[in-house]
Amino acid sequence: MAPLLLVLALFSIGTTFSVAGAATSTPLTAAERSALIDEGQRIFLKGCSSCHGLNLEGSAIAPSLIGVGAASVDFQVATGRMPVADMSQQIVRKDPVYNEKEVEALAIYVASLAPGPEIPGEEHLNYERDGSSAEGGELFRTNCAMCHNFAGQGGALTQGKYAPTVMGVTPRHIYEVMITGPQSMPVFSDKTITPEEKLSIIKWIKAAENEPQLGGASLGRVGPVTEGLLVWTLGLGMLVGVAVWLAMKAR
Amino acid sequence: MSNEIEAIKDPGLPAHVHRRADTDPKAAKKAERQVAILFLLSALGTITLIGSYIFIPQDVFIFFPVLGNTNAHQLFLGLGMAASLFFIGMGAIHWAKTLMPDEEVIIQRHEFRSSDEDRADFIKTAKDGAAAAGLGRRSLIKRSLGLSLGLVGLSPLILLGDLGPLPGDSLTKTSWKTGTRLVTDPGDRPIRPEDMEVGAVAQTLPAIAPGAHRKLSDIAKDAVLLIRLRPEEFNLDAERLSWTHEGIIAFSKICSHMGCAVALYEQQTKHLLCPCHQSTFDVTRAAKVIFGPSARPLPQLAITVDSEGYLVAQSPFNEPVGPSFWERSS
């Protein structure tokens with residue numbers, strides 16, 4: 001009985017792996033790839049080249065995109081930061097202009113001209129399996145918390161710039177951010193924070209995202225500032241009211 | 001008209017105004033009902049507390065206006081307890097204000113000094129007690145008691161020693177020595193220059209022997225931030241430039257103002273920002289203070305690579321890290 005069970009278990013593991021593997025890795029054929037590059041170039045010339053130049057060389061108002069890699073393009077375009085609507089202090093997240101297929105084409109086109117950080121595949125983003133939220137929390141507090149807040153809610157930088165919240169960002173985009181360092185953010189290299197440690201950080205962020213609010217209003221989860229404001233206004237206000245009532249003479 | 005100033009007469013207490021409940025039995029009845037309602041609200045609060053403790057499971061979340069999704073168990077425990085305590089107090093105050101007597105009454109204080117007989121009595125009792133205990137005769141007891149009481153008085157002085165020891169050179173020295181490897185925090189992996197792209201940062205600590213543990217008090221002094229720029233972006237004198245390695249520059253992470261961890265590095269402006277008081281340091285100019293309350297740049301750690309190609313400290317910090325202190329020379 002036991003050997004039979006073992007064979008059954010091994011068989012089921014084998015099949016799930018092969019099915020999962022088949023679903024996630026779909027290598028492009030050369031023909032598909034060149035079609036995507038053409039498509040990407042078409043989108044780039046139409047939507048990006050007025051700032052970033054016809055050959056990605058950049059201009060006075062936009063950086064060169066040579067060597068930024070597919071990961072950078074995917075993060076900037078798929079989170080709606082690019083194309084940019086407001087060129088002031090900070091380029092903000094918004095609804096993406098291009099759909100998934102168009103983003104992929106753009107990314108492949110930009111990466112085809114000069115190598116750079118690649119988009120991590122699904123098989124490299126299994127943070128539930130490969131990450132540890134305890135380790136992720138430690139890494140987050142050392143490397144991320146000073147800008148993004150200890151609960152990942154974001155925080156202020158200089159001159160109106162800010163570190164955005166990390167809540168509600170897809171694991172792929174979190175990963176891409178760490179390897180590309182968009183805008184004010186520095187790069188966190190794979191040698192100083194290994195890919196496995198990056199997954200731990202993602203796992204911790206996802207755990208923080210799903211943490212239930214026992215007390216209801218989170219007050220932005222930024223700690224003593226909003227909590228103090230509430231206590232000083234609402235709490236002390238109530239106490240003042242009670243004190244006034246206490247001292248009032250009954251009629 | 002005479003210029004004499006007339007003395008202001010003592011106006012006395014204002015006339016006592018009766019409350020409605022003092023004169024109107026209907027109003028008194030109404031106030032009584034109000035007090036009873038407040039006490040009943042308190043009782044209801046306690047019943048809510050007990051009921052929610054027993055009947056509401058701990059993992060139920062409900063939507064509550066303003067608060068959003070809230071844990072129902074906690075919410076009703078809190079509301080119940082708040083009501084039970086608040087309304088007892090409110091009822092008692094309302095009772096006292098509307099129904100209890102509110103006439104001003106004068107109570108004369110008694111004389112503070114005891115009567116002469118009481119004083120004589122006390123002295124006699126004390127003397128009799130001392131004689132009965134035999135303190136005068138039994139000198140052995142007297143001396144040993146004196147010794148024990150004296151020693152008890154000494155013990156707080158010994159405990160004062162816990163205010164020390166004096167910091168010694170612990171404020172001026174860190175764990176960085178010539179040749180100490182910079183390792184990642186956390187992870188404790190040594191770093192090669194080629195591990196860091198331009199624009200990359202790394203949080204580092206001095207390497208320790210395998211299995212050894214760092215004291216928190218050491219981490220608080222030793223934390224170092226590595227930043228890689230393009231070498232041509234530096235605007236340093238020759239000495240400080242020789243402390244960098246291929247565009248990698250290392251600064252103490254401990255703010256020279258109040259000791260917060262300065263690690264908000266803005267890659268585009270090359271500015272380091274301290275989150276506590278917004279001191280801003282220019283990385284390209286050896287962490288020169290360009291904004292905020294900090295009095296001096298962050299200490300720079302001289303780095304180079306060892307024979308195996310890992311980043312190491314060229315020498316210890318040349319100045320104390322962290323905020324100013326009394327004995328600091330500069």
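How many residues does the contact take from chain B, and how many from chain A? The legends below, which describe close-up views of a predicted model, begin with that contact and then turn to each chain.

**Figure 1. The contact between chain B and chain A.** The contact takes 39 residues from chain B and 29 residues from chain A. On the side of chain B that touches chain A, the elements that give two or more residues are the helix α3 and the strands β1, β2, β4 (201-206), β7 (264-266) and β8 (271-273) of chain B. The largest share of this side, five residues, comes from α3(B). Sorted by class, the side of chain B that touches chain A has 18 nonpolar, 14 polar and seven charged residues.

**Figure 2. Helix α3 of chain B and the elements that cover its buried residues.** Helix α3 of chain B runs over residues 72-98, and because each of its 27 residues is taken at 1.5 Å, the helix should span 39 Å, which agrees with the 37 Å between its end C-alpha atoms. The buried residues of α3(B) are L75(B), G80(B), F87(B) and T98(B), and what covers them includes α1 (20-23), α2 (25-55), β1 (61-64) and β2 (68-71) of chain B. Computed along the sequence, G78(B) and R296(B) are 218 residues apart, and in space they are 50 Å apart, C-alpha to C-alpha.

**Figure 3. The open sheet of chain B.** Five strands of chain B form an open sheet in the order β3-β4-β5-β6-β11, and their pairing is antiparallel. At the edges stand β3 (182-184) and β11 (300-301) of chain B, each with a single partner strand, so one side of each is left without a neighbour in the sheet. Strand β6 (residues 248-252) of chain B is joined to β11(B) by two bridges, and the bridge partner of A250(B) in β11(B) is L301(B). In the loop between β3 and β4 of chain B lies P186(B), and the peptide bond that leads from D185(B) to P186(B) is cis, with omega near -10 degrees. D188(B) lies in the loop between β3 and β4 of chain B as well, and its phi is near 55 degrees, a positive value in a residue other than glycine. Because D188(B) has 14 C-beta neighbours inside 10 Å, it counts as partly exposed.

**Figure 4. The hairpin of β9 and β10 in chain B.** Strand β9 (residues 280-282) and strand β10 (residues 288-291) of chain B run antiparallel and are joined by three bridges, with D282(B) standing opposite K288(B) in β10(B). The two strands form a hairpin with five residues between them, and A286(B) in the turn has a positive phi of about 55 degrees. A286(B) counts as buried because it has 22 C-beta neighbours inside 10 Å.

**Figure 5. Helices α2 and α5 of chain A.** Chain A has 11 helices and two strands, and of its 251 residues, 31% count as buried. Helix α2 (residues 30-47) and helix α5 (residues 100-113) of chain A pack at an angle of about 95 degrees, with their axes 7 Å apart, and α2(A) and α5(A) are therefore roughly perpendicular to each other. Among the residues of α2(A) that meet α5(A) are L36(A), I37(A) and F44(A), while those on the side of α5(A) include A105(A), L106(A) and Y109(A). By class, this contact has eight nonpolar, three polar and four charged residues. The loop between α4 (69-78) and α5 of chain A holds P83(A), and the peptide bond from M82(A) to P83(A) is cis, with omega near -10 degrees.

**Figure 6. Helices α7 and α10 of chain A.** The axes of helix α7 (residues 133-143) and helix α10 (residues 195-209) of chain A come within 7 Å and cross at roughly 95 degrees, and the two helices are therefore roughly perpendicular to each other. The residues of α7(A) in this contact include L139(A) and F140(A), and those of α10(A) include I201(A) and W204(A). By class, the contact of α7(A) with α10(A) has five nonpolar, four polar and three charged residues.

Conventions:
Residues are numbered from 1 along each chain as its sequence is written. Chains are lettered from A and ligands numbered from 1 in the order in which they are written. This is a predicted model: local features need pLDDT of at least 70, side-chain atom pairs count only at pLDDT 80 or more; totals for chains, interfaces and linings use all residues. Helices (H or I, at least four residues) and strands (E, at least two) are DSSP runs, numbered from the N terminus. The expected span of a helix is 1.5 Å times one less than its number of residues. A residue is buried if 20 or more other C-beta atoms lie within 10 Å of its own, exposed if 12 or fewer, and partly exposed in between; C-beta atoms are placed from the backbone. Two residues are in contact if their C-beta atoms, placed from the backbone, lie within 7 Å. Axes are lines fitted to C-alpha atoms, for helices over the stretch in contact, and angles run from 0 to 180 degrees between N-to-C directions. Angles under 35 degrees count as roughly parallel, over 145 as roughly antiparallel, 65 to 115 as roughly perpendicular and the rest as oblique. Ala, Val, Leu, Ile, Met, Phe, Trp, Tyr, Cys and Pro count as nonpolar, Asp, Glu, Lys and Arg as charged, and the others, Gly among them, as polar. Two strands pair if DSSP finds at least two bridges between them.
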